[in-house]
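Dear colleague,

Please read them alongside the coordinates.

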Amino acid sequence: MIKARDTKTIAVMQPYFFPYGGYYRLMAAADVFVILDCVQFPRRGRVHRSALPGFGRWITLPLDPAPRDSCINEMRFAADAPERLRLQLNKLPISMRCDTILRQQVVSLLNAPDGLLVPFLERSLCMVAGALGLACQIVRSSDLSLPASLGGQERIIEIVRKHGGNRYINAPGGRALYDSSVFLRAGIDLDFLTDYRGAYSCLLSALFEADAAELRKDIVAGYTIQQETKETLTNRRCSCGQQKYL
């Protein structure tokens, strides 16, 4: 995907534990990928859970108990996390072989969960992005010292501004969260990836099944971007029987 020379594209997502292939497409499409770690930790989300093949099967990172309103960057591993995680990794449908540099890195990471959660997740994202040849810069939102009063799309817009971006790209599931007119008034284009229909909905398993070239082909090739304009937003809302956007 070739981006315009004068465009700096920012993607913002919570850090996920070896997420599905479509997550990494955001990295492929962005110049800067911002790990959104300064928001409340979602206890039933994918920040600390990685899906396995089969419905409702997960590997869950063992974390210390924390107040319900804790932010992602405040979460820590439990003292016995290595042992508890090792038992869960037996659920993987394939052995965790170490016959490539990427697999060696993944196994080493999974064998030593310790301390704060975000550095662990950041390392996992960086090692996969590096192996797939994704050139985006990976940073944390918590390093920006954003005002706590900023919420929703205002927080995203400020993150994009802080990184000098003029284009924000999001996963297709984010369409209901953002108003393109607010972004346009801020001088930022709002774009979305199309739905991921690739082969790797469970990347943790896929890392030990497919080689990096196969993963890259699935994740990087074949995706398209849809720009959210005032007209497309109007048409989409009208087609759903909702009130027309003015």
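In what follows, axes are lines fitted to C-alpha atoms, for helices over the stretch in contact, and angles run from 0 to 180 degrees between N-to-C directions; helices are DSSP runs of H or I with at least four residues, numbered from the N terminus. This is a predicted model, in which local features need pLDDT of at least 70 and side-chain atom pairs count only at pLDDT 80 or more, while totals for chains, interfaces and linings use all residues. Residues are numbered from 1 along each chain as its sequence is written, and side-chain values use heavy atoms, with hydrogens and water left out.

Helix 1 (residues 21-29) packs against helix 8 (residues 212-220) at an angle of about 75°, their axes being 8 Å apart, and the two are therefore roughly perpendicular (65 to 115 degrees). G21, Y24, R25 and A28 of helix 1 make the contact (heavy atoms within 4.5 Å) with D218, I219 and V220 of helix 8.

Helix 3 (residues 101-110) and helix 4 pack at about 175°, with axes 10 Å apart, which makes them roughly antiparallel (over 145 degrees). Here L102, Q105, V106, L109 and L110 of helix 3 meet F120, R123, S124, M127, V128 and A131 of helix 4.

Best regards

Terms used: Parallel < 35°, antiparallel > 145°, perpendicular 65-115°, else oblique.
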